[in-house]
Amino acid sequence: MKINIIEKTTYTIDVNNSDTLLDIIKTCGLKAQLVQVGGPLGEFVKAYDLNKTIDEFDLLENNIMIINSFCPVDLSRFMSRFLIRELNIINQDMKRLNELLDHLTSGQYVDVDYFVSLLNRPYKTLGERLLVRNIKWLYSEYQQEFIAHQNGYCKASICRGLFKAQCINACPAHIHIPGFIALMKNKDYKSAYQLMRQENPLSSVCGSVCARPCEIKCRRGQITGTVGVRALQRFISSEALRSWQSDESLMDKNGYSVGIVGGGPAGLTAAYYLVRSGYDVTVYESHTEAGGMLASGVPKYRLPSYLIREEIDTIENLGVEIKRNFKVDRENYPNVLNAHDRLIIATGTPKGRLLNINHPNVISGIDFLKRLNDTSDYGRRILVVGGGDVALDCARTARRLNAEVTVISLETFDEMPASEEEKQQSIEEGITFKSGYAIDSVDNKHVKLKRCLQVLDEAKVFNPLYETCDDGLETVDTVIFAIGQERDLPFIDGEVNGYEYDDKVFMAGDVIKPTIVIDAIAQGKKVAGLVDKTLNKSGLNVGEPITIPERVLNIRTFDDDLKEVSTLPIKERLLSFDQVNLNYSEEDAAYEAERCMRCDRNSTVSLLLGR
Amino acid sequence: MSDVKVYHNYEDEKKESYQSVVEKWKKVKKEMKEGTSDNRIMRWSYSNGMFKYFNNPGKVITDNNPYINIVDVEEFDLSIKNHPFPPDPPAFNNKNRPNFFGTLMDEYVDDSTWYKTTLHESYERILSEARGENVPKVHPEKLMDELELKDAIKSYANSLGFVSVGVTKIDRRFISVEVDDEIIFDTIILLGYEMPHEVLHRYPEPAHDTAAYYGYAHCAAHVHEVADFIRSKGYDCRARSWEGFIKYSVHGVNAGLGNFSTYGIIHTPECGTRIKYTSVIIDADLPLDGPVDYNIEEFCARCRMCQKSCPSGAIPKEESRYRGTIKRTTDHIKCFDMMATQHECVKCIRVCPISMLGYENALNSLPSYYKYNLERPNYKTNYKEVLDEN
């Protein structure tokens, strides 16, 4: 039997009835989150359920659709539109169902009970029954997504009625990316920076270290190549901060006082918005330098200290008091709590996790990065365990200390969670990767390895399987574990669970759940808003609204490829801790800004049904 | 003296009472009604100087087409008034710019004589055939049935370079009153010729061929070949021109050749809006092509590059209600003005990712389920089948 496998390209292959879906998908070299068997109204199969054979399905059409990165609400809407417009099955119930799904994808109120009752009505034709079956299945499997749409958020950035642009939606802080690019085109760097600062007071920092969720969802990137948002952000910030004279408006003092434990991205963000909204803000920072993980956990070749200091100064100059070298512990916690009307805890995850192995020199990744200023000797041969960004930070730092570095991770090289840019630069710098391994045993500095066959099981739960092998590493001087971090809250007894700990204490950032910098910043602003709601209720002051220019776009938008930022030559990199990624020149930045499609100017109105 | 036509015969007029004139008109009207189907259209005929009834079989297709949004059929039917072109903007009537299109061709087209003679000769032939003069003979025998004929026409037209070929019925609400009498058959074969990608890519500096003229001239060069081919198979037909008398976008959507674009014209999966149409009307009931959803609207809603790059601001962001329909009304005055001052603008096509980077590439940027209608669907399952209650 011939079957079409539809993904980016359509494959037509011969299958037997006894073939499983997994076999068929693997022969085409594909991966799938969700598979639809048998045409536009066929049955859905989730990724872990692919062992079903072809003859278990009712093949309405000879199609197998491979669905990756999708939105279940949009998929439901697609099917209902398909039924009405293509199959011409029109009745009041179908129209109402389509209308409800349309409302869900455009941020209008939907009565869920009515929606469910529509799904449970008896329908006459085959098409209607299949549609209702499919939507019911999607609703039960992805109920969280449907609820999120009720609240106006589409995780996959597909339902365009819910956001201004895909990049804005993908950014946890919802920075107006097309807006600052448009302002930048007019060479109005200060307004562009202020527009970013409405959501993110640490834009210059993000310009260097952000994980770039926006660029993954860049609409232009989905068509040809993404816009270099992070590099533009860095360029704008550096231009604006070069001649920064704060004229940011402050609200009148309202007499309330807020304490913030931890001067990291989340804490500083909350401090910035609260001080602008008229609160007295005190930040308790345990280190000599504020900035949290940005100052101590991110190596200098990714984020030089002067960049952090510059922006912290702008926040401090607004009147935030930062108490450095002040560690909040069990003894002084009651005093700190009583000194303020509200307390925000944003201490992050300062404790590195370690595995128990028989080796004299074991250190956690985060401690290794923190203690760089000491003159401790880590030896010539260093083994880093882990596959995330911190692991590669450690490896590249150790490489700059003139060591031979090997990184082992459970995942294969391609599946390692670290960013592609980091991986690429690590290889350039001569770091050895042994991907798909774990430590088996250590005997007198000799590390014996074992192969990792699988990290996650079929239900996506962490469940590694190992196989013994002969591989090993001779004389490892230091083992660095970068396998995750834990929070360190000796002064809190209860469970950490979301933003609100109790009436007086709030949480933000990594301390709730480890996340990326920009998400911590977004949480900082959110919590500042929550604090304001319980005290002054004036709303956060983010400054005057900024008008975004709407000019005619450049006709050559689709011709030009991404201008990658240039990097330091490899030899120079290994000799110092200078920043590896360089800043755009003015022409490069102007060129890159021309590539933005300005999706914020698109329509958000839902499409007409046409009947 | 018998050759002299008498226009006013007073004696006859005295005999013909008012009542008899009414009776006569009612008789003609009845005949016209009987000669047409229920979906007739009544319009003022310039040749007869009276109201005339025409068959309008395309009305059913348009009214049921979900990709043309007619919200009020009665209002739409009443207010339909199709002139070939909207009034010219001032820049077209500039004294310094006589014969705008001819000048344009001389300036920018490499072989402007070929373009001009091809367009001229082909157009003259279309006009004379429409008047009923010099119509080539039809083969006396019907050499194939209608199903075979359709396939034969399609493959022949494709071999001539027409990339987008479809068959539908004419909806007379979408043709200009001027050509009502020239459209003597109800079935229309749409023939789309691609404008060259590499020429458009040189825009906004047109050099050598201008893209639109390339499309027009090749339509002109090949449309009679298709018509002659059909006559040689034993069916009567007439070639039609590439001008705006027949609104090809709407007929194209009816024939499932594409969907409407942001600027209101047809967007085909073959080459986007980078296409010019001509047509042949035929005296045969060819099997019709139905409308298809190519999910182009989905893509356009997430792009709108044409709207944001149009230097004249003629392209609307959203649909608006216009004479009983909800549609995209591009401001022709603004657009033509820009066309005259910037010569051939077509920036809207130049920035379009579907036209310039390809339809597949565009659809791959959407979730994969939007690719279900990539090919003209022929559903195996009868989804309309009514099942038992249980």
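Into which domains does the domain assignment divide chain A?

**View 1. Domain layout of chain A in the predicted model.** The assignment for chain A gives domain 1 (2-67), domain 2 (72-150), domain 3 (166-246 + 549-601), domain 4 (257-350 + 493-534) and domain 5 (352-484). For domain 3 of chain A and domain 5 of chain A, the C-alpha centres are 33 Å apart.

**View 2. The contact between domain 3 of chain A and domain 5 of chain A.** Here six residues of domain 3 of chain A touch six residues of domain 5 of chain A. Sorted by class, the side of domain 3 of chain A that touches domain 5 of chain A has five nonpolar residues and one charged residue, with no polar residues.

**View 3. Parallel strands β12(A) and β13(A) with the helix that links them.** Strand β12 (residues 381-385) of chain A runs parallel to strand β13 (residues 404-409) of chain A, and five bridges join the two. Within this pairing, V384(A) stands opposite V407(A) of β13(A). Between β12(A) and β13(A) the chain passes through helix α19 (residues 389-400) of chain A, in a β-α-β crossover that is right-handed.

**View 4. The pairing of β13(A) with β14(A).** Strand β14 (residues 432-435) of chain A pairs with β13(A) over four bridges, again in the parallel sense. V407(A), which stands opposite V384(A), has F433(A) as its bridge partner in β14(A). Together with helix α20 (residues 420-428) of chain A, the strands β13(A) and β14(A) make a β-α-β unit that is right-handed.

**View 5. The contact between chain A and chain B.** On the side of chain A that touches chain B, the elements that give two or more residues are β5 (63-67), α2 (72-86), α5 (126-141) and α12 (219-223) of chain A. The most comes from α2(A), which gives five residues. By class, this side of chain A comprises 24 nonpolar, ten polar and 13 charged residues.

**View 6. The two domains of chain B and the contact between them.** For chain B, the assignment gives domain 1 (25-55) and domain 2 (90-371), and the C-alpha centres of domain 1 of chain B and domain 2 of chain B are separated by 30 Å. Strand β1 (residues 41-45) of chain B supplies the largest share of the domain 1 side, namely four residues. By class, this side of domain 1 of chain B has four nonpolar, three polar and one charged residues.

Methods. Residues numbered from 1 in each chain as written. Chains lettered and ligands numbered in written order. Predicted model: local features only at pLDDT ≥ 70, side-chain atom pairs only at ≥ 80, totals over all residues. Contact = placed C-beta atoms within 7 Å. Nonpolar A, V, L, I, M, F, W, Y, C, P; charged D, E, K, R; others polar. Domains from an automatic or database assignment. Pairing = 2+ DSSP bridges. Right-handed = clockwise from strand over helix to strand, strands pointing away.
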